[in-house]
Amino acid sequence: MNTSAPKKVTMQWESYFKDRGLSASLLPQYLEYIKKLSVKDLPVIFEVEHLSALIGIDTNVIYKMIHCPNSFYREFSIPKRKGGVRQISSPYPSLLLCQNWIYENILKKNNIHPCAHAYSSGRSILTNAKPHLNSKAILKMDMENFFPSLSFNWVVKYFSELGYPNNLSFSLASLCCLNNELPQGASTSPALSNILLYSLDKRLYRLSKSYSLQYTRYADDIAFSGDYIPHKYIQIVNDIVEDYGLKINKNKTNLIIGEKQKIIAGISVKGEEIEVPRKYKRELKKEIHFIRKYGILSHISKKKIKNPNYIYSIEGKLRYLLQVEPTNELAINGLKVISEHKN
């Protein structure tokens with residue numbers, strides 16, 4: 001940010017307050033507040049009414065969102081990839097507008113730890129996997145109930161530490177939370193999870209360096225790798241995570257040593273280059289074979305496939321494979337087959 005920008009913002013507000021006849025005794029307090037926020041390139045907000053004007057939402061509506069958030073969410077469940085269901089709380093358009101404003105004007109301007117690879121531009125499951133390539137040992141751990149474990153109080157504290165007063169910190173946090181936790185489905189939850197866990201990432205990174213290991217986190221998936229990982233390391237990580245009020249799913253903790261297949265967030269890191277796991281490619285190759293041999297409609301009929309988006313699902317898997325392995329012939333030829341049979 002231009003270093004003269006905060007000064008310019010402060011001067012504009014000072015001129016505004018003087019024109020409105022603000023008490024000389026209050027002026028220094030207001031200007032100090034403005035300076036603190038503008039130095040961080042954050043929006044100056046004085047009260048909820050001011051926030052509603054900035055977002056473009058009726059004041060009465062925004063107060064309802066703050067004090068009765070349950071009325072502004074739609075609840076539904078989706079199946080998890082490895083079994084079970086995930087509860088989604090999807091905000092209605094009016095609340096989503098508020099959350100998007102908070103993300104664009106506040107959350108987006110925060111740094112996240114370099115080891116956090118989810119929900120950030122320029123980072124992905126690919127950048128999350130690459131540090132672990134060709135490692136002799138890999139430790140994979142998973143945090144339970146990830147978003148719900150990040151509490152309302154954490155979010156209030158975050159906004160307060162940015163420089164916003166208590167009443168506004170409470171209001172901003174209320175627009176981002178549901179039932180005193182980060183909801184899975186709010187547009188602010190991904191960014192807030194990375195911001196709130198910066199200190200955890202920093203601590204786990206320092207721990208990894210003390211053991212000559214690599215560390216990455218992709219949302220709730222934690223991974224360490226190196227030449228050697230002692231079993232006691234698992235408990236050390238578990239204790240650190242619990243210090244933050246979070247919990248490791250011990251059933252998903254996996255220490256892989258030697259020549260066994262090593263997969264991190266769906267990416268194979270066993271060799272010198274990241275790859276899609278062999279099983280994934282085998283199943284995809286079989287589907288392409290049948291589509292080429294029988295045609296899409298006949299194949300769907302023979303296999304009694306009920307997914308109405310089957311062909312788009314196969315196409316998506318091929319594009320994912322091509323993203324991970326840009327020269328993969330199965331992906332290149334498979335997309336040609338899909339294109340021919342779609343037309």
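# Helix packing and salt bridges

User: Is the crossing of α12 and α15 left-handed or right-handed?
Analyst: In this predicted model, helix α12 covers residues 278-294 and helix α15 covers residues 329-342. Their axes come within 10 Å and cross at roughly 35 degrees. The crossing of α12 and α15 is left-handed.

User: How many charged residues does the contact of α12 with α15 have?
Analyst: On the α12 side, the contact is made by Lys281, Leu284, Lys285, Ile288, Ile291 and Arg292. These meet Leu330, Gly334, Val337, Ile338 and His341 of α15. By class, 6 residues of this contact are nonpolar and 2 are polar, and the number of charged residues is 3.

User: At what angle do α7 and helix α8 pack?
Analyst: Two packed helices are described by the angle between their axes and the distance between the axes. For α7 and α8 (residues 166-176), the axes lie 8 Å apart. The angle at which α7 and α8 pack is about 130 degrees.

User: Which term describes how α7 lies to α8?
Analyst: The two helices pack at about 130 degrees. Angles over 145 degrees count as roughly antiparallel and those from 65 to 115 as roughly perpendicular, so an angle between these ranges falls in the remaining class. The term for α7 relative to α8 is therefore oblique.

User: How many residues in the contact of α7 with α8 are nonpolar?
Analyst: Helix α7 passes α8 in a right-handed crossing. Phe152, Val155, Val156, Phe159 and Ser160 of α7 make the contact with Asn166, Ser169, Phe170, Leu172, Ala173, Ser174 and Cys176 of α8. No charged residues take part and 4 are polar, while the nonpolar residues number 8.

User: Is α4 roughly parallel or roughly perpendicular to α8?
Analyst: Helix α4 (residues 59-67) has an axis that comes within 8 Å of the axis of α8. The two axes cross at roughly 75 degrees. Angles from 65 to 115 degrees make up one class, so α4 is, relative to α8, roughly perpendicular.

User: How many polar residues does the contact of α4 with α8 have?
Analyst: Ile62, Met65, Ile66 and His67 of α4 meet Phe170, Ser171, Ser174 and Leu175 of α8. This contact has 5 nonpolar residues and no charged ones. The count of polar residues in the contact of α4 with α8 is 3.

User: How many residues apart in sequence are the parts that aspartate 41 and lysine 109 tie together?
Analyst: The side chains of aspartate 41 and lysine 109 form a salt bridge, with an N to O distance of 3.7 Å. Aspartate 41 sits in the loop between α2 (27-39) and α3 (48-55), and lysine 109 in the loop between α5 (93-105) and α6 (125-129), so the pair joins parts whose separation in sequence, in residues, is 68.

User: What N to O distance is found where glutamate 104 and lysine 108 meet in a salt bridge?
Analyst: Side chains of opposite charge can pair when their charged atoms come close. Glutamate 104 is partly exposed at 40% relative accessible area, and lysine 108 is partly exposed at 48%. Their side chains meet in a salt bridge with an N to O distance of 3.1 Å.

User: By about how much of the helix are lysine 157 and glutamate 161 separated?
Analyst: Lysine 157 forms a salt bridge with glutamate 161, with the closest N and O atoms 3.9 Å apart. Both lysine 157 and glutamate 161 are exposed. The two residues are 4 residues apart in helix α7 (residues 152-162), so their separation is about one helical turn.

User: Is alanine 129 buried or exposed?
Analyst: Alanine 129 is in helix α6. Leaving aside residues up to four places away in sequence, alanine 129 touches Ile267, Val269 and Ile274. With a relative accessibility of 0%, alanine 129 is buried.

User: What percentage of the residues in the protein chain is buried?
Analyst: The protein chain has 15 helices and 8 strands, and its C-alpha atoms fill a box of roughly 80 × 55 × 40 Å along the principal axes. Of its 343 residues, the buried share is 42%.

Definitions and conventions:
Residues numbered from 1 in each chain as written. Predicted model: local features only at pLDDT ≥ 70, side-chain atom pairs only at ≥ 80, totals over all residues. Heavy atoms only, no water. Salt bridge = Lys/Arg side-chain N within 4 Å of Asp/Glu carboxyl O. Buried < 20%, exposed > 50% of the residue type's maximum accessible area, 1.4 Å probe, protein only. Axes fitted to C-alpha atoms, helices over the stretch in contact; angles between N-to-C directions. Parallel < 35°, antiparallel > 145°, perpendicular 65-115°, else oblique. Left-handed = near helix turned anticlockwise from the far one by under 90°. Contact = heavy atoms within 4.5 Å. Nonpolar A, V, L, I, M, F, W, Y, C, P; charged D, E, K, R; others polar.
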